[in-house]
Amino acid sequence: MPKKRDKDARRTKGAAKASADGGDALVTAPRLTKKELIAELNRDLAKEYSALIQYVQHAAVITGPQYDAIAAELAIHSNEEHQHAISLSNQIDFLGGTPAVDVAQIKVSPSAKSMLEQDLEGELDAIARYKTRIAQAEMLQEYGLRRALEDILIIEEEHARDLQSALDR
Ligand SMILES: [Fe+2]
Ligand SMILES: [Fe+2]
């Protein structure tokens with residue numbers, strides 16, 4: 001435990017320094033190198049691939065008259081996750097990295113409601129990750145990447161809203 005506290009103290013000190021240097025907007029994003037950012041983007045890419053596949057499966061198997069509209073929406077989400085995978089792959093390549101072809105965990109369920117909950121959980125995770133990634137792109141002055149990530153974030157927020165309304169939240 002003392003080890004963790006030391007690490008936290010160092011982080012706080014670093015953040016205070018960034019702030020003193022005029023980097024106030026950036027203190028929430030942990031400092032990272034371009035190589036580390038590429039690794040993070042490849043993890044995001046694996047989650048885009050898993051979201052794409054998860055939506056294809058959920059759209060096909062979700063049943064019940066109250067789910068007709070959302071089933072069509074899930075198929076659209078799948079296409080949009082595919083676009084995100086293409087955008088992230090291009091951005092990783094522009095940064096000098098190699099886009100990976102890994103697929104993160106895919107969640108399935110026999111229950112329509114829990115499928116939608118699984119999808120919503122994925123979207124909320126994506127929203128949090130892309131907010132962090134936008135701050136990191138900004139920190140490394142990768143403004144083209146930041147713009148591409150902002151476009152993805154807007155769509156993930158729409159996806160979350162579609163799922164929340166289907167779940168009556
Ligand atoms: Fe996505
Ligand atoms: Fe999404």
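Which helix gives the most to the lining of the largest pocket? In this predicted model, that helix is α4, with eight residues. The largest pocket has a volume of about 340 Å³, and of the 19 residues that line it, the closest to its centre are Lys-47, Ser-50, Gln-105, Gly-122 and Asp-125. Helices α2 and α4 (112–139) each supply at least two residues of this lining.

**Overall architecture**

The protein chain contains five helices and zero strands, and along the sequence it reads α-α-α-α-α. Of its 169 residues, 38% count as buried.

**The two iron sites**

The iron ion (ligand 1) and the iron ion (ligand 2) are 3.8 Å apart, and Glu-81 coordinates both.

| Ion | Protein donors | Distance from the ion | Spacing |
|---|---|---|---|
| iron ion (ligand 1) | Glu-48 (OE), Glu-48 (OE), Glu-81 (OE), His-84 (ND1), Glu-156 (OE) | 2.0 to 2.5 Å | E-x32-E-x2-H-x71-E |
| iron ion (ligand 2) | Glu-81 (OE), Glu-123 (OE), Glu-123 (OE), Glu-156 (OE), His-159 (ND1) | 2.0 to 2.3 Å | E-x41-E-x32-E-x2-H |

Among the donors of the iron ion (ligand 1) are Glu-48 and Glu-156; Glu-48 lies in helix α2 (residues 34–61) and Glu-156 in helix α5, so this pair ties together parts that are 108 residues apart in sequence.

**Salt bridges**

The structure holds twelve salt bridges. One of them joins the side chains of Arg-133 and Asp-44, at 2.7 Å from N to O; Arg-133 lies in helix α4 and Asp-44 in helix α2, so the pair ties together parts that are 89 residues apart in sequence. Both Arg-133 and Asp-44 are buried.

Asp-125, which was named above among the residues closest to the centre of the largest pocket, forms a salt bridge with Arg-129, the closest N and O atoms being 2.8 Å apart. These two residues both lie in helix α4, four residues apart, about one turn of the helix. Asp-125 is partly exposed, with a relative accessible area of 32%, whereas Arg-129 is buried at 14%.

In helix α5, Arg-146 and Glu-150 are also four residues apart, about one turn of the helix, and their salt bridge has its closest N and O atoms 3.8 Å apart. Arg-146 counts as partly exposed at 25% relative accessibility, and Glu-150 is partly exposed with a relative accessible area of 30%. Elsewhere, salt bridges that share partners join Glu-40, Arg-43, Asp-44, Lys-47, Asp-125, Arg-129 and Arg-133 into one network.

**A nonpolar surface patch**

Ile-53, Val-103, Ile-106 and Val-108 form a nonpolar patch on the surface, with about 300 Å² of accessible area together. Of these residues, Ile-53 lies in helix α2 and counts as partly exposed, at 38% relative accessibility.

Terms used: Residues are numbered from 1 along each chain as its sequence is written. Chains are lettered from A and ligands numbered from 1 in the order in which they are written. This is a predicted model: local features need pLDDT of at least 70, side-chain atom pairs count only at pLDDT 80 or more; totals for chains, interfaces and linings use all residues. Side-chain values use heavy atoms; hydrogens and water are left out. Donors are N, O and S atoms within 2.8 Å of the metal (3.2 Å for Na, K and Ca); water is not among the atoms, so sites may look incomplete. Patches are made of residues with over 30% relative accessible area and no salt bridge: like charges are joined within 9 Å, nonpolar side chains (Val, Leu, Ile, Met, Phe, Trp, Tyr) within 5 Å. Accessible areas come from the Shrake-Rupley method with a 1.4 Å probe; for residues, only the protein chains shown count as cover. A salt bridge is a side-chain nitrogen of Lys or Arg within 4 Å of a carboxyl oxygen of Asp or Glu. Buried means under 20% relative accessible area, exposed over 50%, partly exposed in between (1.4 Å probe, protein chains only). On a 1 Å grid over the protein atoms alone, a cavity is a set of points where a 1.4 Å probe fits but cannot get out, and a pocket is an open set with protein on both sides within 12 Å along at least five of seven lines; lining residues have an atom within 4 Å of a point. Grid points are joined across faces, edges and corners, and a volume is the space filled by probe spheres set on the points.
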